[in-house]
Amino acid sequence: MTERTRSLRILALALLLAWTGPVGIPGAGAAPEGQMTWGVHTSLAPTWFDPAETPGIITPFMVLYALHDAVVKPMPGKPIAPALAESWTVSPDALTYEFALRKGVKFHNGDPLTAEDVKFSFERYRGTAAKTLKERVAAVETPDPGRVRFRLKQPWPDFLTFYATATGAGWIVPRKYVEKVGDDGYKKHPIGAGPYKFVSFTPGVELVFEAFDQYWRKAPGVKRLVFKVIPDESTRLAALKRGEVDVVYSIRGALAEELRRTAGLTLKPTIIPAPFWIYFADQWDAKSPWHDKRVRLAANYAIDRTAINQAETLGFSKITWSIIPSSFDFYWQPPAYPHDPAKARQLLAEAGYPNGFDAGEYYCDVAYANLGEAAVHYLQAVGIRVKLRPLERAAFFKGFAEKKHRNLIQGASGAFGNAATRLEAFVVTGGTYVYGSYADLDGLFREQAAELDRKKREAVLNRIQQLVHEKAMFAHLWELAFLNGVGSRVEESGLGLIAGHAYSAPYEDVKLKGK
Amino acid sequence: MKQYIVKRLGYSLLSLFLLSLTIFLFARLTGDPVVLLVEPGASQEDIDAIRTQFGLDRPLVVQYGNFLESLIRGDFGKSFYYRTPVLELYLSRLPNSLLLALAAMAFSLLIGIPTGILAAVRVNRWWDSAGKVFALLGLSLPSFWVGLLLILFFSVYLGWLPSSGSGTPLHVVMPAFALGWYFAAAHMRLTRSSMLEVLGSEYVKLARLKGLPEALVIAKHAFKNALIPVLTLAGINLVIMVNVAVVVETVFAWPGIGRLLYEGIAFRDFPIVQATVLLGGAMIVVVNLLVDILYAAIDPRIRYER
């Protein structure tokens, strides 16, 4: 062997090694690349890493969809879709729900996900509605590692709604790991079964995730997710314009208009199940003008919802005429009230107020005083002389729940659930935000609560909503559109893929251009 | 001297105690935190469960007693929102606040002192008038507005600086400017009046009579003496800067104590509000205590006054 051939062979070997290097790693060619960054409007909290403590609001799901997975959960096109469970069955007496778990699912630390983890996660759950769930579930059984059986004490038609969408109870944490590190340790370094692994977190500042290539549904398309808290709306928009972040949440009014005008940026509205309405708190007081249904109807005809929507959310909010989100189960679509100030004045005259009347105060959460201002303007235009009383959020809802506000209240709710849960909170006797009720509504509500036949139940719930409309208990304003911005690097932001979900999800579907 | 220090220390502890009582009560006057942790429409049971979890169902006196007892053990409680010990949160944000305050201080002194001197030397001339306008602007322009203008110009338009966040030296430039702006004006005004006072004093007149060049008179005789009140103010301002950067930190998403306080207030997170206000108060009390003791050490007359 000459000196020359020897060096050639070494060179060939080196080239071969260099070439086989990356091929040696399975799936390296499809490895996710790049980083996608979100400018988040609200402060990130470590409680969001732990499904056990999920409050009944949508925000924590911003994180849950990346880090964790659920037995069943809302997915694109399906309000309750199979996830960790491939399928489920309900016994004929509606007392047993059995889930067949997907095989081969692993947590981020490599531990297999079994029925034990599902049982553990449910029993550990202590977030909103924990009591409701636990009072009605008699036992969780694990006949084998691939099956979980929930036994209910009595038939409860809303079980799946609560387990899959309204709470974090169905989101699974690894039992062994949680028992080893404890609750606090878990929040410091959470491990889940979702498409992304936890990397680091600075409370209220920044959260970093990394793709988990073994996620069962598919390997995530983006390597790193970074969530940055940017509380100021204008700063968020500036960061998006500069390309420091790829997606920003919650931009309103004039700034949203600017976002829409900026080349390269896309305005992406998401409708969230958060309707706003005016509550006639004095309708049960025989001495109040609001006792007269004609006055309540006049208010309904007085407001130009389309114009308000155009001005505040660029026309993206949904006018649905109901206090129940249109995406909820058992939703009934009420007929519309056209903007008709003449009719409003005529109704007022018929009710004995040809010159209008002093209608007292209009209470609202200061964060949504813009909506209140517009509504008040339209009410005043027909002679309903009402004064805007914006209160700081906590004070507003406290007064609302303690029945301290009078006259008009600008109600709103973004809580999970279905038509029944909304009616329970805002319409039926005993509800937290109920100032008075009607006997027929209460009776119908009791009737549906025990009704197992879905069709019959739906009919009763629809009837209640119809009566709410007929009695003009509320003046609906809009179903809020959450306006978000997407930068030019993004191909799929994940926004709007799941109906009623405000944020990007599912994260394994988000994509950057050219990646 | 020992007696004096003990007495001062006693006053300091008393004021901290009063501060703890005030902030405890004021935080609770503002409303119920639970309504911010659940969505309207959540059931009463859920609301009650959270209230019990945070001990908010107990009488106020008991709550305050528990709060004081933990305080003595150095425990500021756990944040409602972050569910993390508040002290841990506070300490993780403190370095950012100190960095921002020091940068803002350096900036405010670099601007404030030279312009103040120039204004005093050229009193009632155009430079002095320009300085007055600058000071007026500095004291009246809201810092969030200055901040937003800076972001628009330097990050969006010119693209030189990152719009928000922290991590690199570039990140600190705009927030330091926005925060330091007000203080630059304050330092300029004090430098100017202090310089004017010194320039009118007998020993400066004497120095001039001796025929020293004006530049030397200003630099050596006047400036050194005029600087003392400015630096005293700057020391106290530094403590204030650490604690009042709420608005600037929020605009620039700068992770300091100010933003922590803002979040605490926004979420009705009593433990956070209590801890940031108390620790901020403690900082001011300690600085004042040290100043008092130092003054007493320097000037014995102070010790014997009431």
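Modeller: In this predicted model, a network of salt bridges links Asp50(A), Glu53(A), Arg124(A), Arg126(A), Asp183(A), Lys187(A) and Arg83(B). A salt bridge here is a side-chain nitrogen of Lys or Arg within 4 Å of a carboxyl oxygen of Asp or Glu. Residues are numbered from 1 along each chain as its sequence is written, and chains are lettered from A in the order in which they are written. Local features need pLDDT of at least 70, side-chain atom pairs count only at pLDDT 80 or more, totals for chains, interfaces and linings use all residues, and side-chain values use heavy atoms, with hydrogens and water left out.

Over all chains, the whole structure holds 37 salt bridges. One of them joins Arg151(A) to Glu141(A), with the closest N and O atoms 2.7 Å apart. Arg151(A) lies in strand E7 and Glu141(A) in strand E6, so this pair ties together parts that are ten residues apart in sequence. Strands are DSSP runs of at least two residues and helices (H or I) of at least four, numbered from the N terminus. Arg151(A) is partly exposed at 33% relative accessibility, and Glu141(A) is partly exposed at 25%. Buried means under 20% relative accessible area, exposed over 50%, and partly exposed in between (1.4 Å probe, protein chains only).

Asp282(A) pairs with Arg406(A) in a salt bridge whose closest N and O atoms are 2.9 Å apart. This pair links distant parts of the chain, 124 residues apart: Asp282(A) is in the loop between strand E12 and helix H9, and Arg406(A) in the loop between H13 and strand E15. Asp282(A) is buried at 6% relative accessibility, whereas Arg406(A) is partly exposed at 38%.
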